[in-house]
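Please look over the structure below, and then read the notes that follow, which are grouped by topic.

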Amino acid sequence: MRNRLCSVLIIMSVALYGQDEKHSTYFDLNYFGGNIAVHNNDILHLITGHPEGFIFSINKKTYGNKAWEQRFNYPDYGTSFIYQDFKNDKLGDAYGLYAHYNFYFLKRNLMLRIGQGLVYNTNPYDKIENPKNVAFGSDILSSTYLMINYKKEHMFNRFGLQTGFSLIHYSNANVKAPNTSVNTIAFNVGVIYNLDEENREFIDNLNDEKFTENIKFNFAFRSGINQSDVIGSKQFPFYVFSGYADKRLSHFSAIQFGADVFFSKFLKELIYYQSVSYPELEVSGDEDYRRVGLFVGHELFVNKLSVETQFGYYVYYPYDFEGQTYLRIGLKRYFGKKIFGAVTLKSHAAKAEAVEFGVGVRL
C-alpha cells in the first residue's frame, strides 16, 4: 500500500510540474507533532503519546488569469501526502493522499489550507487481532485537514520557511463500525522550494459588477453504504432524495431551502435488533425507518467547485436516532451550468452517519 501511494504521488507531481505561462509550481515539506484531542472518552486508552509525522505538498500558484482567481486573492491548489505515527500500536500508522486549496491573507503572509482525501490505516479494528481500536473500523478512511501557516518564500534564493498549526481529522463516517474517529492537533514547521527563481506578477484587471440570479430549483439523489454502531452488524445501502430552491446572492455565495427524504436501511435492522435485544428501550419493532427533513443551507463557489453546508430538522421522525437535527457539509462539482456531482458528509452534531455520493440538476 505504501508503494502504491508513493507511485500515485510521483505521477501527480509530474502532472502538476508541467509548466505553462499561467501557473508556477512549488513544493513544501512540513514536520508536525502534537496531541490527539479527547472528543470522546471511548478513545482515552488509545492516547498514549504525542503523534508526529510529515506533510509533503505539491502546489500550483494562480496569477489571476481567471476571474475567480482574483476574487479569492490568487489561491494555490495542489496535492498533499501525509504520514502520521499515532504513537499507539493499536492505532497503527496513517498514509493519506489529499487534494487541497491554499488561501491567503495579511499581504499573503498568512496561508489557510483546506484539504480532503483518503487515508490508509495500518491497524484497524479486528475482533480477534485488534479489538481495542474503536477509532477505526476499516483500513480506508476519509480525512480532512486544515493548516494555518505564517510563510515567507524566497528567503534563500528559491527556498522559504513556514510554520503554524494543523488539524487532521480521520473517520470512515460509519461505513463500518466501530468509528469514534481521531482528531490530531499539531504544531508544524516546514521548508518551501519554488521551481521558479522569483514570483511572477499578479493580474489585477477585474471589474466585478454586482451579480445575482433568480431563484433556481435543484433536485439531487444521494446514496452510499453505512452501518449502525453495533459492531458486527451488516452494511446496508441508503438513498436520499432532495429538492430545494436556491438564490444566488453574489459571485461567492447562494442560500438554500429545501427538503430531504431518507431511506436508511441500516435503521430498519437497528430497530429490529433493539426490539428483540433491549426491551428496556421500549422499541416495538414496528417503527418506520424512513425520515423526512427540512433544511436551510449555504453554498460557497470556488471556480467549478463549491462548498455546501446545510442544517436540517426532521419533521417526520418516528424512530429516535442521534437527535432530531442534522448537518451536511461537502463538495460539489458543476459540469456545465445545470448538472453537478457531490460528495457530502451527513452527521448529527459530531457524530457522523454517512458519506453521501450524489448527482443532481439545477434548473
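The lining of the second largest pocket divides into 9 nonpolar, 3 polar and 9 charged residues, where Ala, Val, Leu, Ile, Met, Phe, Trp, Tyr, Cys and Pro count as nonpolar, Asp, Glu, Lys and Arg as charged, and the others, Gly among them, as polar. This is a predicted model, in which local features need pLDDT of at least 70 and side-chain atom pairs count only at pLDDT 80 or more, while totals for chains, interfaces and linings use all residues. Residues are numbered from 1 along each chain as its sequence is written, and side-chain values use heavy atoms, with hydrogens and water left out.

**The second largest pocket**

- A pocket here is an open set of points on a 1 Å grid over the protein atoms alone, where a 1.4 Å probe fits, with protein on both sides within 12 Å along at least five of seven lines, and its lining residues have an atom within 4 Å of a point.
- About 580 Å³ of space lies in the second largest pocket, the volume being the space filled by probe spheres set on the points, which are joined across faces, edges and corners.
- The pocket is lined by 21 residues, and those nearest its centre are Glu-213, Arg-248, Phe-301, Gly-336 and Lys-337.
- Helix 2, strand 12 (290–302) and strand 14 (325–335) each supply at least two residues of this lining, and strand 14 gives the most, with 3 residues; helices (H or I, at least four residues) and strands (E, at least two) are DSSP runs, numbered from the N terminus.

**Backbone features in loops**

- The peptide bond from Ala-177 to Pro-178 is cis, with omega near 0 degrees, and Pro-178 lies in the loop between strand 7 (159–171) and strand 8 (182–194).
- Asn-73, in the loop between helix 2 (67–71) and strand 3 (76–85), has a positive phi near 60 degrees although the residue is not glycine.
- Lys-87, in the loop between strand 3 and strand 4 (93–105), is another residue other than glycine with a positive phi, of about 60 degrees.
- Asn-73 is partly exposed, with a relative accessible area of 29%, and Lys-87 is partly exposed at 33%; buried means under 20% relative accessible area, exposed over 50%, and partly exposed in between (1.4 Å probe, protein chains only).

- Leu-91 lies in the loop between strand 3 and strand 4, and it counts as buried, at 0% relative accessibility.
- Leaving aside neighbours within four places in sequence, Leu-91 is in contact (heavy atoms within 4.5 Å) with residues including Ile-36, Leu-46, Phe-86, Asn-121 and Val-182.
- The C-alpha atoms of Leu-91 and Asp-196 are separated by 40 Å, and these residues are 105 residues apart along the chain.
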